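This report concerns the arrangement of strands and helices in one protein model. The sequence and the structure are shown first.

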Amino acid sequence: IERKVVPYLAKISLRSADKIRAVANYLIDQAKEIAPRKQYFIFPTFTDLSIFLDEKDIKLDKFILFVGHLEKVKGVNILIDAFAKISKDFPDFKLVLVGRGAEKENYQMLVDSHQLQDRIEFKGKLSLEQTKDIMKNCHCFVLPSLSEGLPRVIMEAMALGKPVVASDVGGIPELVKNNENGFLFERGSSNELAEKLSIILRNKDLAIKMGEKGREVANQNFSNEKYLQNYIKMINQ
């Protein structure tokens, strides 16, 4: 029933709206198929990045970070497999997983099968402040999702000057520009993810350069001031 009713109501809403705002271009493309003549605006849902943008004590320590729900859609198994492929080449690096979810036990079993219990750490659910304190020190942030909208967590990582390695799905390519502030890889490909991780772990200067670019983008586009400017512009036009 929901699969039938929600799209029907969405069509009515889009066709009745005076203006339409979306968080990513791919959503605007979908909406225009239903309501092509509307006035469209694009900017993300409000995300208070102030504690991330204000952070000054940022380092690149030897660990890779994931933050999110431990669910199948987040592709954490792909990340674990990719890390297993490169673990011998980077013996000083660890993988840290922040979050909880239904797949935690399965992911723990996968870690055990790769005999990486001492290299992969499950942190569980953390507060925003605790997450920031871990994220500010990671070498890179990884989001291997099978499906996404416009992930807040990538904005947070960018605001902390972290290079991002993420799957090429949903609105992620609108945040992560390949070879500029991070790397994109094909959804579900642990081999390609392992390849991108090897590049970013081997080249600290590149990681710093990509992180600086990401922080610049986050500051210019996702600050609280920028959100208010976008909202006022939408109302007044």
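The model is a predicted one. Its open sheet has six strands in the order β5-β4-β3-β6-β7-β8, with parallel pairing. Strands β5 (120-124) and β8 (182-185) form the edges, as each of them pairs on one side only. From one strand to the next, the twist averages 20°.

Within this sheet, β6 (residues 140-143) and β7 (residues 164-167) run parallel and are joined by three bridges. Leu-143 has Ala-166 of β7 as its bridge partner. In general, the strands of a sheet pair through backbone hydrogen bonds, in either a parallel or an antiparallel manner.

An α-helix has 3.6 residues a turn, so residues three or four places apart point the same way.

The axes of α7 (residues 152-159) and α9 (residues 204-221) come within 7 Å and cross at roughly 115°. The two helices are therefore roughly perpendicular to each other, and α7 passes α9 in a left-handed crossing. The residues that make the contact are listed by helix below.

| Helix | Residue range | Contact residues |
|---|---|---|
| α7 | residues 152-159 | Met-155, Met-158, Ala-159 |
| α9 | residues 204-221 | Gly-211, Gly-214, Arg-215, Val-217, Ala-218 |

By class, the contact of α7 with α9 comprises five nonpolar, two polar and one charged residues.

Lys-136 is located in the loop between α6 (128-135) and β6. Is Lys-136 buried or exposed? With a relative accessible area of 13%, Lys-136 is buried, because buried means under 20% relative accessible area. Leaving aside residues up to four places away in sequence, Lys-136 touches Glu-55, Asp-57, Ile-58, Lys-59, Leu-160 and Lys-162.

Definitions and conventions: Residues are numbered from 1 along each chain as its sequence is written. This is a predicted model: local features need pLDDT of at least 70, side-chain atom pairs count only at pLDDT 80 or more; totals for chains, interfaces and linings use all residues. Side-chain values use heavy atoms; hydrogens and water are left out. Two strands pair if DSSP finds at least two bridges between them. Helices (H or I, at least four residues) and strands (E, at least two) are DSSP runs, numbered from the N terminus. Axes are lines fitted to C-alpha atoms, for helices over the stretch in contact, and angles run from 0 to 180 degrees between N-to-C directions. Angles under 35 degrees count as roughly parallel, over 145 as roughly antiparallel, 65 to 115 as roughly perpendicular and the rest as oblique. A crossing is left-handed if the near helix is turned anticlockwise from the far one by less than a right angle, and right-handed if clockwise. Contact means heavy atoms within 4.5 Å. Ala, Val, Leu, Ile, Met, Phe, Trp, Tyr, Cys and Pro count as nonpolar, Asp, Glu, Lys and Arg as charged, and the others, Gly among them, as polar. Buried means under 20% relative accessible area, exposed over 50%, partly exposed in between (1.4 Å probe, protein chains only).
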